[in-house]
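Try each one yourself before reading the solution.

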There are 4 protein chains.
Amino acid sequence: MRTNDAAGRVRAKRLPREVRERQILDAAVEVFSQRGYHAASMDEISEVADISKPMVYAYLGSKEDLFAACIRREATRLMEAIAAGVSEAGDRPDVQLWHGLRAFFGFVGEYRDSWQVLHRQASAQGGPFAQELLDMRRRAISLVAALLMNTSDSEAASLHTDAMAAALVGAGESLADWWLDHPEESAGAVAARLMNLVWMGFGNLVDGQMWQPPR
Amino acid sequence: MRTNDAAGRVRAKRLPREVRERQILDAAVEVFSQRGYHAASMDEISEVADISKPMVYAYLGSKEDLFAACIRREATRLMEAIAAGVSEAGDRPDVQLWHGLRAFFGFVGEYRDSWQVLHRQASAQGGPFAQELLDMRRRAISLVAALLMNTSDSEAASLHTDAMAAALVGAGESLADWWLDHPEESAGAVAARLMNLVWMGFGNLVDGQMWQPPR
Amino acid sequence: MRTNDAAGRVRAKRLPREVRERQILDAAVEVFSQRGYHAASMDEISEVADISKPMVYAYLGSKEDLFAACIRREATRLMEAIAAGVSEAGDRPDVQLWHGLRAFFGFVGEYRDSWQVLHRQASAQGGPFAQELLDMRRRAISLVAALLMNTSDSEAASLHTDAMAAALVGAGESLADWWLDHPEESAGAVAARLMNLVWMGFGNLVDGQMWQPPR
Amino acid sequence: MRTNDAAGRVRAKRLPREVRERQILDAAVEVFSQRGYHAASMDEISEVADISKPMVYAYLGSKEDLFAACIRREATRLMEAIAAGVSEAGDRPDVQLWHGLRAFFGFVGEYRDSWQVLHRQASAQGGPFAQELLDMRRRAISLVAALLMNTSDSEAASLHTDAMAAALVGAGESLADWWLDHPEESAGAVAARLMNLVWMGFGNLVDGQMWQPPR
DNA sequence: CATGAATGAGGATTCATTCAT
DNA sequence: TATGAATGAATCCTCATTCAT
């Protein structure tokens, strides 16, 4: 069933709960990522979602609840994307890392807003959100990190993989920014740069040794 | 001269402008870091600074101005700390890098609030603040790039110094950020982690090779 | 449906937008006229309108917007009142002028607040408000000028119609303003004063000659 | 004795009270006329007066006091200007009126700010100011009006001269505005227009009769 | 289910006014 | 006398949240 609203636009009515929730979450992620948690207004979110404010509250609760729901959904998506990437890789740890990185950057590139909300906004707000985020992040990261731990019993295995993952992510983001200023490079080339840095280290790089993705 | 205010606390009076400005900035950094930019209220800042709100406005302008002033001051402090660290190092590039990283993490460890404001809060708010940050980042990247430039004449390294510097700075930021949520490690330990990652690479690490600071 | 609020007063609820807007404008005109633009507080306006402040903002925007809306509404009302007065008069130009003046002073007498806001407050604030007023004035002057145009073909009169119209409108405004502080006279009496001044001139008046409305 | 202040400007010190008061009143009239009573800030007034705020309070009291002092001074000035104008005229009432008008418009033209404060601002603020103004205005006006009353015992003498004065003033102001759009006219010509309107009236003007200033 | 109407509460900002030197 | 430093008290405005239909 459909109706024309005051502005003449067509607004679908009585959609199933699932669809409505998706609409709202999509809108919320968009607005939260653009404005930040506090500056985002429930008014704007409901407008972008093309739904009335009371419905937003009915479906997803308070602003805090809504934000938490965004984090949960996006974190899950990210996790699944990485899991899919890793699982299609072979056995060699460097190749697994390579696939994990590619999956991760693929996600970040494709869902900028999601990543914004997850990385910037959630950690900027203290308390429950940061916690929620930390939990999710650790699960996701351990997916990629686990492969390193399985690889050997050496010292490396006892590294705090969490910390390394954080460093990796930061390096990747920063490199992505740098990429914006050097568009002549291909995506693969940039990814390879990062792989080189983290796999070979400067120590080897200065000796002219480079890591190569498998053919 | 001192007086007891209504609440019985002692409040210094008629301080020179310079002193008041420092008080205010200190309070602002503390509050912004704990609450985030939007959730921080000028009321709380003025209370923490133990001064009335109108003085905050008289000395440092609007909330935006105040936030920008915080960012500028902390960014300057941080850059000076790093520059000092690097300059006291010897010639070997890895040692220079090591000192730079230690200075960086030392700063972050000592001034958690400063870093929290600089990195998390400033980047969560868009617009002019992000710009201030980008400037600082650019300076940091130049510093690192210059340092790496000296590393070797090898094609592989000198060719991509910029990209690697960007990646390293990003990794450092991100790791520092991660550290905020995992304060159990020492600054030196965290610095060593990053040093190992970028200097040795995972490739060596999984073979049990680690970088060691010179005795 | 009606409810008693905390103070025990009866407050109508869920009125349509149109009605609320009128309530608000009425209250705003009253308060602006009594306190002046700056001294009037949005709090008082919303109280007088018997509505919460956020609704005032939702319906009519900022204080400036609200003031402008008041001016527009009252200016329109006034111009319509005068036009109606003039149009019901016969052909003789003096009689038309007389009816126009009577309508004008009738309006001022009946809607003191409106005039107070229009003339005193709006002109005391500079900028955009004065502009709105100038528009209204220009319309009023044109109306009078057209009327005087019909008066005669004599060179002396038709040549300077514009100037005389401007002077007449100014005199009317000023006299109305004066009347606000001397409410003891009737609207007709004030109108007659002005009619005598502009139609007969002091020269005749000192000779005891007066203009009389037709029986 | 003189000192250079922070900005390097020279500020005279320890001036006699009289001079300081004039400085302050000049500044206050300027600022009140430009901003309006409420929008004018004591800060700006003290800056324009090139004196510190506490001095303003020491010399002329509260903002209300200061405003009242402005009104009093400017009203007195205006009164004296008109008195001087009238007293140099001869006996004929029309000539006296003519001189009075010329003196009045001379003052308004020369001291725009003073007139702004007196006419617009003082009457826009209710209460004590309006009263103060009315008193002053009535005294000043009666100067000009008295001549008409002395002229004859006719009906005209019992006119509310106050009301007529208000009309005159308004007509004059409006004509001055009109003049701005018709700069080809001389000052005398415009003054003569007004004299014609009020002395002859439209009734005579349409018959081609005009008033002429005496040679 | 869906929404236009409504508000309590709180935050940024400014200003008249006064100390303490 | 003269002033930089300081503040209590408003004022405008916005937002998360909820009725009543």
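**Exercise 1.** Which residues of chain A does the UniProt annotation "DNA-binding region" cover?

Solution. The unreviewed UniProt entry puts this annotation on residues 41-60 of chain A; such annotations may be inferred rather than shown by experiment. Next, look at the span itself: 75% of residues 41-60 of chain A is helix and 0% is strand, with helices (H or I, at least four residues) and strands (E, at least two) taken from DSSP runs. The C-alpha atoms at its ends are 15 Å apart.

A word on the ground rules: this is a predicted model, with local features needing pLDDT of at least 70 and side-chain atom pairs pLDDT 80 or more, while totals for chains, interfaces and linings use all residues. Residues count from 1 along each chain as written, chains are lettered from A, and side-chain values use heavy atoms, without hydrogens or water.

**Exercise 2.** Work out the surroundings of D:Lys63.

Solution. Start with its place: helix α4 of chain D, residues 63-87. D:Lys63 is buried (under 20% relative accessible area, 1.4 Å probe, protein chains only). D:Lys63 has no salt bridge (a Lys or Arg side-chain nitrogen within 4 Å of an Asp or Glu carboxyl oxygen), and the nearest oppositely charged side chain, D:Glu64, is 9.7 Å away.

Terms used
Buried < 20%, exposed > 50% of the residue type's maximum accessible area, 1.4 Å probe, protein only. Lys, Arg positive; Asp, Glu negative; His and termini not counted. Contact = heavy atoms within 4.5 Å. Lists of a residue's contacts leave out its neighbours within four places in sequence.
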